Amino acid sequence: MVFKLTDEQIMIHSMVRDFSREVILPTAMERDKTREFPADNLKRLADLGLMGMMVPPEYDGSGADAVAYVLALSEVAYACAATAVVMSVHNSIVCESILHYGTETQKEKYLKPLARGEFIGAFALTEPLAGSDPSRQLTSAKKDGDHYVLNGTKRFITTGKNADVVIVTAKTDPSGRHKGISAFIVKKGTPGFSSGPLEEKMGLCASDTTDLVFEDCRVPAENRLGEEGMGFTIAMTALDSGRIGIAAQSVGVARAALDASVKYAKEREQFGQPISKFQGIRWMIADMATEIEAARQLMLSAAAMKDRKENFTTQASMAKLFASEMVNRVTAKALQIHGGYGFIKEYPVERFYRDARVFTIYEGTSEIQRVVISNHILQDKRVL
Ligand code: CAA
């Protein structure tokens, strides 16, 4: 590793690894079938201080750094990717946005309970007609006295049904492109705010994904996050952190797939010997391990840059791009190593393969990460 982990980072990593494997992993396969939201897992994560990991103690968080956070998140993803995505959006996007852009009142009312895990957070940017290009969103927020009136539909919102607090972006100036977008904190139960039916997804089945619908939803002006027109910047800044989180989820699922493959390859005998003795299998395992290590280094280096308060936008996109594509290659190889058993639900690799598929899509597709990276390189900015 380029840099040495601190004792605290090692301690947090090892604590979360043990916890995830003992507590979260045993129910992951069943949860994938029942699609039951992992509320109990989140409660246990909150008890360990993992729901406000990067929030300072004065706001009831754990005050950990980003490196410790990605190590912890990758261990949760190793055990259950559906639990990890809820933890990721909650920590990297929701808590971080309120921490960086919230008023003291907002921090008191929303950040503290979020950091204690009493509220679960969601982030609503995407719309039916605005995915990769969120500047063209149509949800509107019209000022009316000391409120804003929100109208519109958000789509594919992680934790849409179960979140207590949602950060929603909406146009306060419909004629402005990204500069016309503002962000709002909306509490569940606010009249005019509802969630749509659960999407039937191919993976991450226990994490709920829904539309959020706003119909003349009156949000107090004091719930606007940041100044009017800052919503796009808030979203982009949050996604920088979120994208390192997706790299961490990818590394966790890939390591689970590698471990399952190694175990299977040592046990499964064909042609009179364990299949781990065959060079074809050994090379797949070598490639999987090498790719995972490369992704892990990119994830750690982006997180370390964040901790050093350097601009880490490009490195976050590189980590997300490489790690999310890596885990799709690794889980495909894991399934191949398992042969027919990889194709049935009795073995976990089938779930890993399905869970990994969305990693190259959400929080910015691979194509969007390449846009971010190439823009940076072509502007002749230093990356390495
Ligand atoms: N940090 C801070 N500001 C940023 C920024 C960043 N990383 N990236 C861009 N900005 C700012 C720019 O500086 C610029 O500001 P000024 O006008 O003041 O100079 C402004 O934002 C607009 O920048 P661009 O012109 O580059 O913006 P664009 O419209 O061309 O879009 C983009 C750039 C990278 C394609 C962006 O739209 C993007 O990331 N798209 C993907 C959206 C996405 O990831 N959606 C995922 C949904 S969330 C989700 O999946 C969550 C979940 O539930 C799991």
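The model is a predicted one, in which local features need pLDDT of at least 70 and side-chain atom pairs count only at pLDDT 80 or more, while totals for chains, interfaces and linings use all residues. Residues are numbered from 1 along each chain as its sequence is written, and side-chain values use heavy atoms, with hydrogens and water left out.

I begin with the ligand. There are 21 residues around the ligand, and Ser 132, Thr 158, His 178, Lys 179 and Arg 243 come nearest; a residue belongs here if one of its heavy atoms lies within 4 Å of the molecule. By class, this shell holds 8 nonpolar, 8 polar and 5 charged residues. Here Ala, Val, Leu, Ile, Met, Phe, Trp, Tyr, Cys and Pro count as nonpolar, Asp, Glu, Lys and Arg as charged, and the others, Gly among them, as polar.

Which atoms of the protein lie 2.8 Å, 2.9 Å and 3.0 Å from the ligand? A polar side-chain atom of Lys 179 is 2.8 Å from a ligand oxygen atom. For Ser 132, a backbone N or O atom lies 2.9 Å from a ligand nitrogen atom. Asp 240 places a polar side-chain atom 3.0 Å from a nitrogen atom of the ligand. The cut-off for a polar contact is a pair of N or O atoms within 3.5 Å. Taken alone, the ligand exposes 1100 Å², of which the protein buries 70%; these accessible areas come from the Shrake-Rupley method with a 1.4 Å probe.

Two elements give two or more residues to the shell around the ligand, namely α6 (231-267) and α10 (366-378). The largest share, 6 residues, comes from α6. Helices (H or I, at least four residues) and strands (E, at least two) are DSSP runs, numbered from the N terminus.

I turn now to the backbone. Most residues other than glycine have a negative phi. Arg 35, in the loop between α1 (7-34) and α2 (39-47), has a positive phi near 65°. Leu 204, in the loop between β6 (193-195) and β7 (209-220), also has a positive value, near 45°.

Is each of these residues buried or exposed? Arg 35 is partly exposed at 33% relative accessibility, whereas Leu 204 is buried at 4%. Buried means under 20% relative accessible area, exposed over 50%, and partly exposed in between (1.4 Å probe, protein chains only).

Finally, Leu 300 lies in helix α7 (residues 279-307) and is buried, at 0% relative accessibility. Its C-alpha atom is separated by 6.0 Å from that of Val 67, 233 residues apart along the chain.

Note on methods: Polar contact = N/O pair within 3.5 Å; in protein donor to acceptor, adjacent residues only side chain to side chain.
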